[in-house]
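Here is a short briefing to read next to the model. Please keep the viewer open and follow along topic by topic.

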Amino acid sequence: MTDDVHAIAGRAMDEVAAAGDLAELEGLRQRYLGRRDGTLSTLRRGIGSIGDVEARRQLGQTINELVTRVSEAIDGRRAQLETAGEDHDEPLDLTRPAPPLRRGRLNPVTIAAGEMRRIFAQLGYTVVGGPEVEYDRYNFTLVNQPPGHPARDSHDTFYIDDSRLLRTHTSPVQIRSMLQHGAPQRVIVPGKSFRRDYDASHLPMFHQVEGLCIDEGIAISDLKGTLEYFAHSFFGRDARVRWRPHHFPFTEPSLEMELSCVVCGGTGCSLCGHTGWLELLGSGLVHPAVLRNGGIDPDRYSGFAFGMGIERAAMLAYGVQDIRLLYENDVRFLQPVSAGA
Ligand code: DAH
């Protein structure tokens, strides 16, 4: 009888040590120690039928000791299991199903830039690039902003030294592309730009896409036709645009294109400041002095140019309120946003 009790307790200890989770452990406590029909409890009740008093006392004591040991083993294993998640002490269970994988998504800025490339490629534009660390000369002087020009101040420039800076816009690539490819040409320049700015609609690093179209006889009608086609392709056929006079040093005349509000559709809301319209891009006919700086004869050729913030276009297209969300890489934000893209 005593041997049986030791054998049962031994098995109980083995099973407790191997218990894989708290539920299994609780099952073992019931099976061995449960008040009503736990194996050891039942044996303890059975000793009343042993005639020999001394044998009964001995067995009772043995069973009590074993109950205590099994109970302590269960408590010890419970503590182990409870902290296993924290210290990875858990035995490796290769049969457990893997946690579901979360698929990554392209960033909305990447999606928007790809869409822009695709739309302008259909119109015969090729993609060109230029350096992000740029000469002051290209960034400002050659696009009609000589030293001392007031428009330089509005750019909050990161200077590297007297002659170099982080480009504040993609417009210097107009000059580089003109010098390299001459006329005629049709190019877009998607790329990074940098300004000392940081709030819900500005970041120190952002993206622009510059466009440049040069040929004989290019007129405002070409500019409007091209950019209206773009707006409908990118924002959908229901999008409406309007043109407003503006000023940029590198274009003459200059126009700003506005888009009917993506939230209210034009009736007026807080996003559009109750005007029904949102600024989308700057554009104009390339200033003759800029053509000349790019080595192109303004008496023979004319052109139009435009520049647009890619983050801004993505925010309007996908309804993102704070530009900073685009760069936090939180998959809970990126998934629904780019799924709707
Ligand atoms: N470079 C201007 C900016 O960063 C945007 C721009 C406006 C570019 C008009 C152009 C243009 O090419 O024609 O604010």
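Helix α7 spans residues 172-181, and its buried residues are Pro 172, Val 173, Gln 174, Ile 175, Ser 177 and Met 178. Buried here means under 20% relative accessible area, exposed means over 50%, and partly exposed lies in between, with a 1.4 Å probe and protein chains only. Helices (H or I, at least four residues) and strands (E, at least two) are DSSP runs, numbered from the N terminus. This is a predicted model, in which local features need pLDDT of at least 70 and side-chain atom pairs count only at pLDDT 80 or more, while totals for chains, interfaces and linings use all residues. Residues are numbered from 1 along each chain as its sequence is written, and side-chain values use heavy atoms, with hydrogens and water left out.

**Helix α7 and what follows**

- Gln 174 has its place in helix α7, and with a relative accessible area of 2% Gln 174 counts as buried.
- Not counting residues up to four places away in sequence, Gln 174 touches Glu 210, Leu 212, Val 286, Val 290 and Ala 305; contact means heavy atoms within 4.5 Å.
- Gly 182 follows α7 and has a positive phi, near 65°.
- Ala 183 and Pro 184 are joined by a cis peptide bond with omega of about -5°, and Pro 184 sits in the loop between α7 and β4 (185-194).

**The sheet**

- Seven strands make an open sheet with mixed pairing, in the order β1-β4-β5-β9-β8-β7-β6; two strands pair if DSSP finds at least two bridges between them.
- At the edges stand β1 (126-127) and β6 (241-246), each with a single partner strand, so one side of each has no neighbour in the sheet.
- Helix α8 (residues 220-235) packs on the sheet and touches β6, β7, β8 and β9 (302-309), with its direction at about 145° to that of β8; axes are lines fitted to C-alpha atoms, for helices over the stretch in contact, and angles run from 0 to 180 degrees between N-to-C directions.
- β6 and β7 form a hairpin with 4 residues between them, and these antiparallel strands are joined by 6 bridges.
- Val 241 has Leu 259 in β7 as its bridge partner.
- Strands β7 (residues 251-260) and β8 (residues 277-286) pair in the antiparallel sense over 8 bridges.
- In β8, Trp 277 is the bridge partner of Ser 260, and Leu 281 is that of Met 257.
- β7 is mostly covered, with 8 of its 10 residues buried.
- Pro 253 has its place in strand β7, and a cis peptide bond with omega of about -5° joins Glu 252 to Pro 253.

**Nonpolar cores**

- A nonpolar core is a set of buried Ala, Val, Leu, Ile, Met, Phe, Trp, Tyr and Cys residues joined through side-chain atoms within 4.5 Å.
- The largest core has 46 residues, of which Met 116, Leu 227, Phe 234, Phe 235, Met 257, Leu 280 and Phe 304 touch the most other members.
- Another core, of 20 residues, lies apart from the largest one, and its members include Val 5, Leu 43, Leu 66 and Val 67.
- Leaving aside neighbours within four places in sequence, Leu 227 is in contact with Phe 120, Trp 243, Met 257, Leu 281, Ser 283 and Phe 306.

**The largest pocket**

- The largest pocket has a volume of about 1,200 Å³; grid points are joined across faces, edges and corners, and a volume is the space filled by probe spheres set on the points.
- On a 1 Å grid over the protein atoms alone, a pocket is an open set of points where a 1.4 Å probe fits, with protein on both sides within 12 Å along at least five of seven lines, and lining residues have an atom within 4 Å of a point.
- Among the 47 lining residues, Arg 195, Gln 208, Leu 280, Gly 309 and Arg 312 are the closest to the centre of the pocket.
- β5 (205-215), β7, β8, β9 and α10 (310-318) each give two or more residues to the lining, and the largest share, 6 residues, comes from β8.

**Loop residues**

- Asp 156 is in the loop between α6 and β3; its phi is near 45°, a positive value in a residue other than glycine, and Asp 156 is partly exposed at 32% relative accessible area.
- Ile 160 is in the loop between α6 (136-139) and β3 (164-166), and is partly exposed at 43%.
- Leaving aside neighbours within four places in sequence, Ile 160 is in contact with Val 133, Leu 165 and Leu 166.
- His 274, in the loop between β7 and β8, has a positive phi near 65° and is exposed, with a relative accessible area of 61%.
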